[in-house]
Amino acid sequence: MSAAPNFKQELTGVFGHPVAENPSQAMVEAAYRHHGLDWRYLTLEVRPEDLAAAVAGARAMGFAGFNCTIPHKVAVIEHLDGLGESAALMGAVNCVVRRGDQLIGENTDGKGFVTSLRELTDPAGKHLVLFGAGGAGRAIGVEMALAGARRITVVNRTTERGQALVDLLNQRTSTEAEFRVWEGDHRIPEDADIVVNATSIGLYPDLDARLALDVDTLRPELVVADVIPNPPRTRLVRDAEERGCRVIDGLGMLVAQGVIGIEFWTGTSPDPAAMRRALEEVFGC
Ligand code: NDP
């Protein structure tokens with residue numbers, strides 16, 4: 001626990017691995033300070049075998065909610081009272097919200113992406129090319145389908161995970177999904193509107209790691225997004241900007257999912273700029 005709670009304050013937090021400086025804590029507490037909210041967001045190390053007791057503890061202590069990171073995003077579900085629509089489809093929860101006396105699991109990763117995207121384009125009717133089919137890829141794929149994307153092409157190194165996401169989208173949403181095995185430099189099809197890197201390629205310290213994509217197929221009409229928050233100016237972001245594409249970086253998405261979590265917990269819509277500044281300080285960018 002990073003701080004002793006003051007019992008007059010409302011509590012939220014994140015259950016996950018210990019980290020020296022938790023970016024989420026810095027970001028959420030910056031928002032609480034900015035808006036004069038007498039709330040705390042605590043970083044709490046929870047071992048897998050202690051998860052049931054930790055959720056019971058959060059209930060007993062009146063937590064308004066908490067985030068879950070790896071390894072708890074799936075395991076937490078059996079300890080909750082219900083799930084939001086996209087969390088139920090994905091089978092993963094990253095944000096728990098107290099509603100009355102119930103703890104409800106939500107997934108804000110994909111919602112954060114769609115919020116960032118809406119600033120540039122409406123997802124409805126669009127063709128998304130999605131690199132990656134892990135937790136972030138599933139969250140973005142499901143939320144884009146729920147937002148009315150026409151077509152989603154999932155490009156993944158491993159067939160099993162990529163096909164599983166495509167099957168989920170085809171069976172449970174009205175979006176048309178297809179799988180492409182990722183071999184060589186992938187060419188973005190001419191009818192694509194949005195390209196997303198939802199893999200961990202480019203994450204610190206692999207600063208120059210390159211997504212295997214034919215950059216000559218990045219047309220200026222495309223919106224290109226990268227989930228990597230650190231560093232935000234990945235090689236994909238730089239390549240896409242050079243080719244005139246409109247770009248969303250991973251910091252934008254991280255802030256947007258944090259905004260949604262704070263809205264769920266407190267009912268206040270926080271200022272994203274204050275939250276982004278706090279993250280930039282942590283990441284030194
Ligand atoms: P997972 O481990 O669940 O999935 C990783 C994905 O990346 C898989 O599709 C994997 O492919 C692919 N991948 C990893 N390395 C390579 C490689 N060398 N070549 C090709 N494909 C590769 O991770 P998450 O989905 O949870 O997280 C992915 C990234 O998203 C992380 O960097 C995380 O920081 C970021 N993220 C950002 C958020 C934000 O708000 N900005 C929110 C959530 C996550 P395969 O299936 O073949 O193994």
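Ala53 and Ala60 are exposed, on the other side of α2 from the buried residues of that helix, which are Leu51, Ala54, Val55, Gly57 and Ala58. Here buried means under 20% relative accessible area and exposed over 50%, with partly exposed in between (1.4 Å probe, protein chains only). Helix α2 spans residues 51-60; helices (H or I, at least four residues) and strands (E, at least two) are DSSP runs numbered from the N terminus. Just after α2, Gly62 has a positive phi of about 75°.

The model is predicted: local features need pLDDT of at least 70 and side-chain atom pairs count only at pLDDT 80 or more, while totals for chains, interfaces and linings use all residues. Residues are numbered from 1 along each chain as its sequence is written, and side-chain values use heavy atoms, with hydrogens and water left out.

Two spaces are compared below. On a 1 Å grid over the protein atoms alone, a cavity is a set of points where a 1.4 Å probe fits but cannot get out; a pocket is an open set with protein on both sides within 12 Å along at least five of seven lines, and lining residues have an atom within 4 Å of a point. A volume is the space filled by probe spheres set on the points, which are joined across faces, edges and corners.

| Space | Volume | Lining by class |
|---|---|---|
| Second largest pocket | about 260 Å³ | seven nonpolar, three polar, three charged residues |
| Largest cavity | about 90 Å³ | six nonpolar, three polar, four charged residues |

In these classes, Ala, Val, Leu, Ile, Met, Phe, Trp, Tyr, Cys and Pro are nonpolar, Asp, Glu, Lys and Arg charged, and the others, Gly among them, polar.

Nearest the centre of the second largest pocket lie Ser116, Glu119, Gly252, Ala256 and Pro272. Helix α8 gives the largest share of its lining, four residues. At least three lining residues come from each of domain 1 (10-107 + 252-283) and domain 2 (110-248), with bounds from an automatic or database domain assignment.

For the largest cavity, helix α7 (residues 235-242) supplies the largest share of the lining, three residues.

The largest nonpolar core has 31 residues, and Phe113, Leu128, Leu130, Ile140, Met144, Ile152 and Val196 have the most contacts inside it. Such a core is a set of buried Ala, Val, Leu, Ile, Met, Phe, Trp, Tyr and Cys residues joined through side-chain atoms within 4.5 Å.
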